[in-house]
Structure formats: C-alpha cells, structure tokens
Amino acid sequence: MERRVKRGVAIYSYSGEYGRTMNLEDCFKDLRDMGATGIEILANSHIDSYPALTDEYVAEWMRLCTAYGVEPVEYGHWIDSRLYRNREISPQEAREKLVNDFQIAHRLGFRILRTKMGVINAELAPMENWREIIESVLPEAEKYDVVMCPEIHLTTVLSDRFVQDYVDFINETGTKNFGLNIDLSVFQNRFDVPGVVVFNPDCKHSQPEEIIPLLPYVKCIHAKFNKMDDDFNELTIPYPEILKILTDYGWEGYLLSEYEGEKKDVPGFVSHELRKQHVMMKRILGY
Amino acid sequence: MLEADVIQYRGFRNIERDGKAVGFQICVRSDYYRGVWLSQLRPGKVVVDGVTYPKEDVIWEINGKDHTVAELAEAGGEFWRITDVATLKIMKDGGLSQGFHDVSVRFAASCSYMPPFLDQFDEDGDDRSFNGGTYTRKNMIIV
C-alpha cells in the first residue's frame, strides 16, 4: 500500500512538561516509540537560543533527527501583530522577524512553516494587511524554500470567507510559498465529553467533506485531539471519515499530532495519550 | 530544568550590597507555552506577606539585563525564552526577614492570535485571563 499520509507529532503537545520534566531529546524518544517520522517545533518554544540560532543548537538538532529517524516537517512561528501595546506592527517590522524565521527554518531543514497571524475578531480573521506583509516576503520565502501556512483552527470553519481569501491569494499570485495548515479542530463536533477543555461550547464546525476542495493547498495537517478512549477512539473529532478522505483523494503529507486536552502538566500523561492516538491512526490508515 | 510552579524556590533571596540587604529577588518561569518578546509581557504587582509592591517598583532581569516595566513595553526585539527564568528585583532596605514568606507575582503575555477582546489583562487587578494571572507560592524561605 502506498503510504502517502505520514504520522508526526507537534511537540507543542508537551507544553505542560517541556523545560520542567521533559527536554527536547525526550520528545524525540517518544516519537521513535510511536513510529512517528516527522516533527513540528515551535520556534519561540523549542529553540533555546531564539531569536538567534547557534551552531551548537543546529548540531544537536541534526544529531537528534538522525539518531531517532525523524524529519523536520513544520516550523511554527508567529506574526505578532500586537507586539506593542499601543499600535500594530508595521509591515517592515513583521518582515524582519519573518525573514529571520525563514533563515532559521531553512538551516534546520524545515520547508513548511505554520505562520500564525494576528487576528482581529472572534472568527479569527487575520489582520487586515496580511496580504501586504505576506507578499513583501515571498521573494525571501522562495529563496529559503519555505511555504508559509496559516493555521485554520477552531473557532474558524472552512467556509469562512478568509479561508477562501487565502486560496484566492495563492491562485492570484501563483506563489508556491503560501499554503494552508488545517487543524482538525475545525471538525470537532463534541464539546460535552468529560476531560475535554472547552473555551467556546457554541462553536460551529465543518463537515469532513468540506476539506476536499482545499486539499491541493493543504501542506500539513494538525491532528488535533482532545480525548482518547481505551479502545483507541478519539471522542470529539470524526477521524475515520477525515482520514478516509485524505487517503481516497491521494493527499500526501503529515498528520502532526497536537494534544489539546486536560492534564498536560501531569508527567507522562500526554506521552500516553499520544501513543493511543497513534494506535488509532495506524489502524485507520492500515499501516 | 525549571520547577513546576511558576514562582521558583531557586533564586529567592535577598539582594546584598556592601554586605547589607538592600532588597530581594524572586525568579519566575513563563506560564505560557511559547517565549515572548518583552513588549508582549504584561507585568503586574508583586505581593509579599500582604505587602503590595506596585509594578513600577519591580525590575525585571531577563537575559542578564535589567528592565523597568516602562522599558519592557518598548523592548520588542528582546525575547524571554520559556526555559529561562525572569528575576524580579525589588529594592527594600534590610530585604526580607529570615524565615517563611508568602509570595504572589502577577503577570501575563499578550497574544496576537487571540481575538482582541480576549487579549486583555488588568495588571493591577486580581482576575485570571487566558494568558496570565496571579501566581502564588507560600512558605518560601529566606535563609
């Protein structure tokens, strides 16, 4: 069977333990146990010299990737539009930080960037000048061979206008350096399961088939999960339907696990939940 | 590795000059999953044994450099990593007395990817927001 859909982990999942009871190598050890072959790091969290990149970090990064058989998949970074209390950042200020992130990502071997933009409303629509900022760095994105992907995340639904705006931007500019990261939280249809952390119980959600027209633009998927049962089912997001669509339509890329449930700060808890989720994904994928 | 509590036991001591205690310091880790630019910090008050020190009385040492809260607000090019502590320094003649102290530190971080109406924090208040609040650790010891 062709294995186009691959499994990885966003080590954001370990944020309740990272730097306290787990270090970077512990994350890699977990990935190897799960047979996960790809990793997402957050620049602001997991690079201990950020916003600089030291030779020591690069050497250690390369050692870990080689030793544990893991490839760099996605590099999370931010456009902090409200960097200052009293004003929005200028496109030039955004550009300087973006280009720095491109250089770091490139040196660490990442091609896909999860570019988290500042938002202006409850639907998480991006700041109004996002086109200007993104267009201004497209030449550098091409130079460093990176693809910026805004993350489409609950409380957004796939039918929201700005999702189509991103697609239109890609088509109008013809750029290969902008795409989408779909977070599976957009399909979350249960908010009443004990152990699920809910900020907005009235949240809308998308149907799995709504992802189909977007698939050509989707570079990466956050395999968001909130609650696993002991039969290896996720209780809030329709994983079987979603993964069937991905395989049926021949989508190629990584599912990067992102745990968003309770007890993140209980040592070992997230590691255990991740293993359950990867059992589920292996069973559904058939490999 | 850092301690699980935001307020760390390690680093809590008096600040001495010429052999005399002139103040005290408290080390905190970030309670946010990502490091932030210093201008994104929302530094608040410190309370020790019921005595409130307003935010303007607190010096934040990050990456070996001292910042007033006014300076933090402009420091958009400097970064506080989640694996590093910030050392909060407060001048007080004689420092804190030997023995137990209950310590609270209030701060948060601004977060541009949350809706603006949620990205709010009252530095001088007592409520929690999604991105910060008042952290307390009791029975901290000055030796």
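These notebook entries record what I looked up in a two-chain model, element by element.

**Ground rules.** I am working with a predicted model, in which local features need pLDDT of at least 70 and side-chain atom pairs count only at pLDDT 80 or more, while totals for chains, interfaces and linings use all residues. Residues are numbered from 1 along each chain as its sequence is written, and chains are lettered from A and ligands numbered from 1 in the order in which they are written.

**Chain B, overall.** I looked up the secondary structure of chain B and found one helix and 11 strands, where helices (H or I, at least four residues) and strands (E, at least two) are DSSP runs numbered from the N terminus. The order along the sequence of chain B is β-β-β-β-β-β-β-α-β-β-β-β. For its 143 residues a compact globule would have a radius of gyration near 15 Å, and chain B agrees with 15 Å; this radius is taken over C-alpha atoms, and the globule rule is 2.2 Å times the number of residues to the power 0.38. The C-alpha trace of chain B spans about 50 × 30 × 30 Å along its principal axes. I noted that 34% of the 143 residues of chain B count as buried, a residue being buried if 20 or more other C-beta atoms lie within 10 Å of its own, exposed if 12 or fewer and partly exposed in between, with C-beta atoms placed from the backbone.

**The contact between the chains.** I found 21 residues from chain B and 25 residues from chain A in the contact. The chain B side that touches chain A divides into 11 nonpolar, seven polar and three charged residues. Contact here requires C-beta atoms, placed from the backbone, to lie within 7 Å; Ala, Val, Leu, Ile, Met, Phe, Trp, Tyr, Cys and Pro count as nonpolar, Asp, Glu, Lys and Arg as charged, and the others, Gly among them, as polar.

**The sheet of chain A.** I traced an open sheet of nine strands with parallel pairing, in the order β5-β4-β3-β2-β1-β9-β8-β7-β6; two strands pair if DSSP finds at least two bridges between them. At the edges stand β5 (147-149) and β6 of chain A, each with a single partner strand, so one side of each has no neighbour in the sheet. Strand β6(A) pairs with β7 (residues 180-183) of chain A over two bridges, and A:I152 has A:I182 as its bridge partner in β7(A).

**Helices α4 and α5 of chain A.** The axes of α4 (residues 91-108) and α5 (residues 130-143) of chain A come within 10 Å and cross at roughly 35°; axes are lines fitted to C-alpha atoms, for helices over the stretch in contact, and angles run from 0 to 180 degrees between N-to-C directions. By class, I counted eight nonpolar, one polar and three charged residues in the contact of α4(A) with α5(A).

**Backbone exceptions.** Most residues other than glycine have a negative phi, and most peptide bonds are trans. I noted a cis peptide bond between A:Y50 and A:P51, with omega about 5°, and A:P51 lies in the loop between α2 (43-46) and α3 (55-68) of chain A. The bond from A:L154 to A:T155 is also cis, with omega near 20°. The non-glycine residue A:F232 has a positive phi of about 65° and counts as partly exposed, with 16 C-beta neighbours inside 10 Å. In chain B, B:D18 has a positive phi near 50°, sits in the loop between β1 (7-17) and β2 (20-28), and counts as exposed with 5 C-beta neighbours inside 10 Å.

Note on methods: Two residues are in contact if their C-beta atoms, placed from the backbone, lie within 7 Å.
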